[in-house]
Amino acid sequence: MASLRNADPALRNYFKENYIPQVCEALLCGVIITRPEDPLRYLEKMIMVIIENGLESLLWDMCIDPSLKPKMRRLSETYLEQLFGLHDQLMTPELMIKACTFYTGRLVKTHFCAWKEMAIPQVNEEEILAAKMERAIRHYNFSLQKSSFRQWCSYVERNREEIEDAVQEMQSIFHHHKLKSSLRKWKDQAKYVHQKREDDMILQHELELKKWKSKSELKITEETAEEPIYLKQSSSEVHLADDTTQCDISLLPERAIVQIFLYLSLREVITCGQVNHSWMSMTQTNLLWNAIDFSMVKSIITDKFVVSTLQRWRLNVLRLNFRGCVLRTKTLKSVSHCKNLQELNVSDCPTLTDDLMRHISEGCPGILYLNLSNTAITNRTMRLLPRHFHNLQNLSLAYCRKFTDKGLQYLNLGNGCHKLIYLDLSGCTQISVQGFRNIASSCTGIIYLTMNDMPTLTDNCVKALVEKCRSIASVVFIGSPHISDSAFDALSACSLRKIRFEGNKRITDASFKFIVRNYPNINHIYMADCKGITDSSLKSLAPLKQLTVLNLANCVRIGDTGLRQLVDGPSSTRIRELNLSNCVHLSDITLVKLSERCLNLNYLTLRNCEYLTNQGIEYIVNLSSLISLDLSGTVISDEGLIALSKHKKLKELSLSECGNITDAGIEFTDSAIEMLSARCHYLHILDICGCVLLTDQTLRDLQRGCKQLRILKMQYCRQISTEAAHRMASLLQQQEHSSEDPPLWFGYDWEGKPLTEHQSPTTPPVKEDASFLVEESSNPDENEEV
């Protein structure tokens with residue numbers, strides 16, 4: 001078997017199961033001992049014997065004749081030594097000596113043990129057991145003492161810590177009470193000093209008002225000839241302008257010149273270039289032509305000028321705006337020469353086609369921003385986007401209704417639009433759920449998503465989109481009435497920071513619970529005209545810590561309770577903009593809470609909040625950071641306006657439809673507008689539309705006190721004359737004035753008298769020039785935000 005140690009296991013098992021080694025051993029031993037004359041017949045005979053007796057009874061000497069078998073006992077497992085006669089005798093003297101020695105030692109050990117048991121007296125087992133029990137009892141008592149001592153030590157340590165905590169808490173309470181007491185005293189002292197300062201300022205202001213009034217009385221004779229004076233002032237202004245032309249701006253550093261010309265429109269830059277050679281050279285600075293806005297001059301621009309401009313500045317142009325321009329196909333093809341173009345706006349261009357987009361995509365592969373809103377592009381253009389615009393980040397397809405779901409599938413071709421972070425699909429009602437799946441597969445990195453005016457947008461569309469677009473941080477769904485609370489549940493996979501919804505009746509308080517649970521870092525919430533929102537929603541928003549903008553306009557079920565719960569949360573100190581227009585259940589309690597908690601509020605809108613009174617308006621003065629306030633449609637009167645005049649930083653104030661505001665003011669002061677103009681020196685925008693009781697005195701007061709006023713709206717102010725409005729317009733960037741009757745929905749007539757049911761407003765004699773509008777701003781963006 002030694003040769004079979006490394007053999008196949010199956011072969012080894014075969015040998016073992018069929019006794020092959022034993023059979024071979026028996027046959028070999030028989031042949032060796034018997035030495036027959038015919039070995040083959042002998043082996044055949046022995047094999048038959050083995051078969052008859054069976055393999056189980058096989059012995060090594062079965063094939064040996066009994067007379068030839070060795071006469072000896074078995075001392076080992078092998079008979080090789082005996083078979084080969086290596087030793088004549090197995091029993092040697094040495095073996096006999098060892099056997100006798102072992103046997104004798106065994107006997108001695110056995111008898112010694114027996115003698116030992118008989119000779120040594122037995123020990124009392126009861127005493128041994130008693131000793132063991134005593135040791136066990138001592139060990140048990142010691143364990144109990146040790147355990148009790150440990151518990152006592154833990155109790156003492158815990159009691160000591162509780163005493164220390166109690167002492168520290170008492171010290172903290174005492175320190176807090178001491179600080180609170182000191183703060184209360186300081187606050188009382190500061191209030192006293194502030195009130196004293198305010199009284200002094202009011203007294204000083206009254207003196208100034210008296211001086212101004214006396215000056216106004218002296219100018220009564222001049223008012224009869226105001227128009228000639230106005231013309232003289234205009235001539236003096238012209239003379240002053242002639243003097244200022246002596247300043248040559250070409251002597252300024254190039255950087256300063258560029259900053260000056262960047263404030264001008266394309267038309268104004270071209271006009272400046274026609275003044276003289278010096279101004280022409282200044283307008284040819286490369287930096288001025290990095291961004292070209294043709295939309296501002298679309299009504300007068302020619303195709304030839306566009307082509308020549310793009311041809312000349314093709315290497316400098318980075319941003320192009322053709323919004324609403326009706327240009328020839330050849331003209332738009334010239335855009336492809338601007339190899340470094342990064343931003344392109346061709347929205348509302350009726351002549352834009354797929355062929356034009358092919359030329360632009362081949363010539364301007366580096367575009368990052370592309371606006372194709374309201375154009376006639378089809379799936380052919382959608383196929384071009386991933387092939388050529390590999391770095392595209394901003395894409396607007398708003399109101400493009402000629403591409404299909406298949407076109408959205410093309411976005412995944414080639415390198416794909418995987419760098420897209422902004423997508424606008426407003427008004428694309430042809431997109432189905434499959435189309436949104438295609439977007440999710442192609443543009444997984446979308447962060448800003450806008451889908452306005454989408455009546456076909458459902459919760460399933462949102463779910464299909466967010467399956468793979470998990471980076472969405474801003475969603476705008478204005479005009480999507482079929483979105484419900486399920487959409488917020490689907491968006492829980494994203495980290496939203498901005499939400500804008502409007503005009504949705506299916507959104508309830510459950511959506512705000514999703515917002516708080518899944519978007520703890522959200523900072524912008526716009527939920528205007530959502531009728532299902534109640535005070536519970538504001539309670540849910542209370543834990544948010546990063547909220548800065550909250551717009552709940554037309555959410556008519558919101559009241560003081562919900563707003564109080566909101567501002568009691570940690571977000572009250574971070575809120576910068578709050579719009580509560582038409583939240584008709586709000587009262588002065590809301591203004592009290594806002595003045596206490598929202599100290600960093602900049603923009604506040606409270607239009608048509610009918611329960612706000614003059615007493616509540618006084619608390620707005622405590623909002624020292626407020627720069628814009630809208631109180632249109634409220635019952636504020638001169639008393640509230642005088643309270644607002646104490647505010648130092650207010651820049652924009654809207655008081656349209658406030659029929660209780662007059663020139664008379666309250667007792668012991670002059671007119672309310674006069675008080676306002678004397679105190680609010682930084683006022684930039686003022687809306688007094690519908691304040692029918694104001695007169696020309698209002699404009700004189702504003703002219704004296706509000707030197708920084710830029711925009712003034714005076715619609716439906718019949719008692720303000722057109723002449724006074726003309727004079728005021730020369731000092732403003734934009735002014736609106738009309739002498740028409742207030743609309744019926746204002747609820748009062750031109751005299752400020754409330755209208756009864758089925759009553760039409762009384763009409764006084766019509767003044768000349770019923771409406772007047774002046775706009776002199778060179779930068780329209782300046783009027784949008786202060």
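## The end of helix α3

Helix α3 is followed by G54, a residue whose phi is positive, near 90°; helices here are DSSP runs of H or I with at least four residues, numbered from the N terminus. The model is a predicted one, in which local features need pLDDT of at least 70 and side-chain atom pairs count only at pLDDT 80 or more, while totals for chains, interfaces and linings use all residues. Residues are numbered from 1 along each chain as its sequence is written, and side-chain values use heavy atoms, with hydrogens and water left out.

## The length and faces of α3

Helix α3 holds 15 residues (39-53), which at 1.5 Å a residue should span 21 Å, and this agrees with its end C-alpha atoms, which are 21 Å apart; the expected span is 1.5 Å times one less than the number of residues.

In α3, the residues Y42, M46 and I50 are buried, where buried means under 20% relative accessible area, exposed over 50%, and partly exposed in between, with a 1.4 Å probe and protein chains only. Seen down the axis of α3, its buried residues fall within an arc of 75°, so they line one face of the helix; the arc is that of the directions from the helix axis to the C-beta atoms. The face turned away from this buried side carries the exposed residues L40, R41, E44, K45, I51 and E52.

## Serine 628

S628 lies in strand β14, which covers residues 628-630; a strand is a DSSP run of E with at least two residues. At 11% relative accessibility, S628 counts as buried.
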